[in-house]
Structure formats: C-alpha cells, structure tokens
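Open the model in your viewer and keep the selection tool at hand. This tour says what to select next and what is there.

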Amino acid sequence: MPIPVMIGALLATTALVLYVVGILMTVVTGTVKKRNVIMQTVAVVCDAIATVCMMIQAQGLIPADFHGWIGYTALALMVVDLVFVVRHRVDGKATVPMRAYAAVALVFWIVSYSLGFMKMG
C-alpha cells in the first residue's frame, strides 16, 4: 500500500473515531462543551489531511469517482457542523435542528468512509 494511502487511512480512521464520539456526545446530551469543539476540530483537521493524502496518491484535485465526490461533500458537511459547534459553544446548548444536522452529517461521513475502505479492497 502506498505511503500517502496508509497515512490517509490512519488519519481518516482517527477522524471517524473523533467524529463519532464528539457528535454522539452532542446529539445524546443536547449540550456543546469544550471537548466537543476540540474533538471535532481535530477530526476536521485529520479528515482534511487524509483528503490531501488521497489527492496526492490520485495525482489530482478532481475526484474521478463517486467516492471522491461523496468524500469532498462529507468533509464540507463536517466543516459546517464544526461551525455550528463553535457558535453554540458559548451558550452550551445544541438545538434540535443542529443535532439533527450533526446526525445526518455523521451518517453521510460514515458512508463516505465505508466506500473508501471498500474501494481499497
């Protein structure tokens, strides 16, 4: 397995764990705490670096397949969710629409993650 793919897979798996824990804590408790912000920030950074690693391996910015497009979309959804988390950190409340968005974004991201690993074989 090429080095960029190995690094990307490790970072994507790290992002998966951080997204799941951080988002589920927000969705289940209905609160936003500093740890949620930290976990989701680190997850987005890991996800972005993993995406760059995969782009290096693919030798281009434009994804050539469904997994590439869904991956970019999932990363964008998580960036938007991070903005929500940061904005709601002050009052500490996760609104019902915010929690629903986070849950949908997480499911979308998990689908993208799963497609990537199915693609790797």
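In which hand does α2 pass α3? The crossing of α2 past α3 is left-handed, a term used when the near helix is turned anticlockwise from the far one by less than a right angle, with clockwise giving right-handed.

**Before you click**

This is a predicted model, in which local features need pLDDT of at least 70, side-chain atom pairs count only at pLDDT 80 or more, and totals for chains, interfaces and linings use all residues. Residues are numbered from 1 along each chain as its sequence is written, and side-chain values use heavy atoms, with hydrogens and water left out.

**Stop 1: the whole chain**

Select everything and colour by secondary structure. The protein chain has 4 helices and 0 strands. Helices (H or I, at least four residues) and strands (E, at least two) are DSSP runs, numbered from the N terminus. Read from the N terminus, the order is α-α-α-α. The radius of gyration is 14 Å, close to the 14 Å that the globule rule gives for 121 residues, so the chain is as compact as a globular protein of that length. That radius is taken over C-alpha atoms, and the rule is 2.2 Å times the number of residues to the power 0.38.

Along the principal axes, the C-alpha atoms fill roughly 45 × 20 × 20 Å. Colour by accessibility next. Buried residues make up 38% of the 121 residues; buried means under 20% relative accessible area, exposed over 50%, and partly exposed in between (1.4 Å probe, protein chains only). Of the contacts with a separation of 6 or more, 79% join residues 24 or more positions apart. Contact means heavy atoms within 4.5 Å.

**Stop 2: α1 and α2**

Select residues 3-29 for α1, then residues 34-58 for α2. Two packed helices are described by the angle between their axes and the distance between the axes. For α1 and α2, the angle is about 155° and the axes are 7 Å apart. Axes are lines fitted to C-alpha atoms, for helices over the stretch in contact, and angles run from 0 to 180 degrees between N-to-C directions. α1 and α2 are therefore roughly antiparallel. Angles over 145 degrees count as roughly antiparallel, under 35 as roughly parallel, 65 to 115 as roughly perpendicular and the rest as oblique. The crossing of α1 and α2 is left-handed. Their contact has 22 nonpolar, 7 polar and 2 charged residues. Here Ala, Val, Leu, Ile, Met, Phe, Trp, Tyr, Cys and Pro count as nonpolar, Asp, Glu, Lys and Arg as charged, and the others, Gly among them, as polar.

**Stop 3: α2 and α3**

Show side chains. On α2, the contact is made by N36, V37, Q40, T41, V44, D47, A48, T51 and M55. On α3, pick Y72, L75, M78, V79, D81, L82, V85 and V86. By class, that contact has 11 nonpolar, 4 polar and 2 charged residues.

**Stop 4**

Click M55 in helix α2. Leaving aside neighbours within four places in sequence, M55 is in contact with G60, L61 and Y72. I56 is exposed, with a relative accessible area of 53%. I56 and P4 are 52 residues apart in sequence and 7.0 Å apart in space, C-alpha to C-alpha.

**Stop 5: the loop between α2 and α3**

Select I62, which is in the loop between α2 and α3. Is I62 buried or exposed? I62 is exposed, at 66% relative accessible area. Its C-alpha atom is 9.8 Å from that of Y72, 10 residues apart along the chain. P63 is found in this loop too. P63 is buried, at 13%. Not counting residues up to four places away in sequence, P63 touches G68, W69 and Y72.

**Stop 6: α3 and α4**

Finish with residues 96-120, helix α4. The axes of α3 and α4 come within 9 Å and cross at roughly 150°. That makes α3 roughly antiparallel to α4. The crossing of α3 and α4 is left-handed. Their contact has 18 nonpolar, 6 polar and 2 charged residues.
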